[in-house]
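I opened this notebook to record what I looked up in the structure. The entries follow the order in which I consulted it.

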Amino acid sequence: MKDPLDRLRDLLLETGYTIDGVRERLGDVAATALSREELVPALRATRDGDPLGTLIRLWWLGIPVEPPPGLPVAELAAAGLLTANGDRIVAAVHLQPWETGGYVVSDRKVRPGDPTLRADHVVGAGGASANLAQLVSRRPVQRVLDLGTGCGVQVLHLVDRAEEIVATDVNPRALELARLSWALSGVEGVDARVGSLFEPVEGERFDLIVSNPPFVISPRGRFTYRESGLRGDDFCRDLVRQAPGLLNPGGTCQLLANWLHIEGEDWRDRVGGWLTETGRDGWAVQRDVQDPAEYVELWLRDAAEQGTPRYRELYDDWLGWFEAENVTGVGFGWITLHDSGSLDPVVRVEEYGGRVELPVGGYVDEVLGSIGRAHRMTDAELLAARLRLARGVVEERIGSPGAEDPTTIMLRQTRGLGRAARVGTVEAALAGVCDGDYPLAPLLSAIADLTGDDPGDLLSKAPESLRTLIAEGFFHISTG
Ligand SMILES: C[S@@+](CC[C@H](N)C(=O)[O-])C[C@H]1O[C@@H](n2cnc3c(N)ncnc32)[C@H](O)[C@@H]1O
């Protein structure tokens, strides 16, 4: 006799309760309405009483339904996935198909008007979970740690490229639900441990550490899924500080984070300081920044607290705390740390709010390698190196119609972070000829012949601008 979770998984797949199946059934209008917490279009799209519509109502929308044929009700009730109520069943959890082809089990969503969240609420997989998964390195690894695994979603992304996975969470309930997610996704052998921060893995080493931590910055820790209870952005700072001590040589740590913008302090110094202290290569990217009021509204909405009697009081308390701490905003972003073994680590902190090509993981590996190499090479080493234009870089020339020379030349990345850089004619000419076949110095001399520049002058000036273009991923240093 098959395990009830295996039977449920078969039934979910047969019924079409998959990402594509749900998307197709709901259609764009109902799906977009759901993202605004509006249920009515989705209820209309699932009113036929067929098995797929019934499963969507049960586990996605949280509506009591009559059990569809073949659902092992008693066993699933015993497993904590539903409760039976007369001839109807009610979801005890939120069970969503996920983009890996697996399933994620979390606590039921709260919507405006529902009772307030419990303090140990286990949040479902969402935009932030997907962002981290897209950011994580694609390299196969031996040992990986998912800190703050919650519903277990990161593990679903890591399982194909890690030999051994340890998943931790301070909330024991999270691990119970994560185990259900893994079982329903056919994932076995995850070493799940309860505990705070790195305490459950003290003294161990990993090749990759990932975390979508409780990064929300608030006056007090009300909900474990998003607030650590530590002051300000201390939790993210502590993660950054402590992670390198658990990395194997060559290892990488990738996390999402929030950081404070404090009056009179540059946020780059704050986050750069965390990274520099580690003595490892680091890259932090601020993807967004919100003012205090926007931030408070976002997270009160997230806990469905808008419109409740306490809304104004909570809003005022939070805003008052930001004011007392001289907070002018909160940054959202990514942090990557890499143990390159270098005695001269490189830290890069930047703002990039533009679109990125997904997944970013492969590109992150490239960028970290490039930042380090470009920084550590002497001018002479760089001139002797062979450069290659990165894949997907295009050139744009802007000038007056009919003019012989453009006034602006841009190199633009069509993949990765999609950066653009304004360059001079020399860099543009290099972009046209750099295919990794020849060292930089003879190429620059040939360009000097064409442009009429003094070759010595060009050779002495070019490394500086090229170092930036290499660090930003426009050129790679050929290693082969
Ligand atoms: C934002 S959720 C992330 C869940 C999931 N990993 C994802 O990517 O969606 C953060 C998780 O960190 C856990 N957490 C909170 N405080 C923690 C701590 N001190 N140590 C470890 N985990 C903690 C929460 O219980 C929660 O499951």
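**Entry 1: Ligand shell**

I began with the shell around the ligand, which by class has 12 nonpolar, 11 polar and 2 charged residues. I note that the model is a predicted one. Which residues come nearest to the ligand? Of the 25 residues around the ligand, I recorded Ser-129, Gly-148, Gly-150, Val-170 and Asn-212 as the nearest. I then checked which elements contribute to the shell. At least two shell residues each are supplied by α6 (127-135), α7 (153-158) and β6 (162-169).

**Entry 2: The chain as a whole**

I counted 17 helices and 18 strands in the protein chain. Its C-alpha atoms fill a box of roughly 90 × 50 × 50 Å along the principal axes. Of the 480 residues, 41% count as buried. Among contacts with a separation of 6 or more, 67% come from residues 24 or more positions apart.

**Entry 3: Domains**

I noted the division of the chain into domain 1 (4-92), domain 2 (127-372) and domain 3 (377-477). The centres of domain 1 and domain 2, taken over C-alpha atoms, are separated by 31 Å. To their contact, domain 1 gives 5 residues and domain 2 gives 4 residues. The side of domain 1 that touches domain 2 has, by class, 4 nonpolar, no polar and 1 charged residues.

**Entry 4: Hairpin**

I next examined strands β1 (residues 82-85) and β2 (residues 88-91), which pair in the antiparallel sense over 4 bridges. Leu-82 has Ala-91 in β2 as its bridge partner. The two strands, β1 and β2, form a hairpin with 2 residues between them. In the turn, Gly-86 has a positive phi of about 65°.

**Entry 5: Sheet of 8 strands**

I traced an open sheet of 8 strands in the order β7-β6-β5-β8-β9-β11-β10-β12, and its pairing is mixed. Why is one side of β7 and of β12 left without a neighbour in the sheet? Both β7 and β12 (347-351) stand at the edges with a single partner strand each, so one side of each has no neighbour there. On average, neighbouring strands of this sheet are turned by 20° against each other, direction ignored.

At one end of the order I looked at β6 and β7, which pair in the parallel sense over 4 bridges. There, Asp-169 stands opposite Val-194 in β7. I also followed helix α9 (residues 234-242), which lies across β8 (206-211), β9 (247-262) and β11 (327-338). This helix, α9, runs at about 160° to β9.

**Entry 6: Gly-186**

I located Gly-186 in the loop between α8 (172-184) and β7 (191-194).

Strand β13 (residues 386-389) is joined to β17 by 2 bridges, and the two run antiparallel. I recorded Arg-386 opposite Pro-439 in β17.

How values were computed
Residues are numbered from 1 along each chain as its sequence is written. This is a predicted model: local features need pLDDT of at least 70, side-chain atom pairs count only at pLDDT 80 or more; totals for chains, interfaces and linings use all residues. Two strands pair if DSSP finds at least two bridges between them. Domain bounds come from an automatic or database domain assignment. Two residues are in contact if their C-beta atoms, placed from the backbone, lie within 7 Å. Ala, Val, Leu, Ile, Met, Phe, Trp, Tyr, Cys and Pro count as nonpolar, Asp, Glu, Lys and Arg as charged, and the others, Gly among them, as polar. A residue is near a molecule or strand if its C-beta atom, placed from the backbone, lies within 6 Å of it. A residue is buried if 20 or more other C-beta atoms lie within 10 Å of its own, exposed if 12 or fewer, and partly exposed in between; C-beta atoms are placed from the backbone. Axes are lines fitted to C-alpha atoms, for helices over the stretch in contact, and angles run from 0 to 180 degrees between N-to-C directions.
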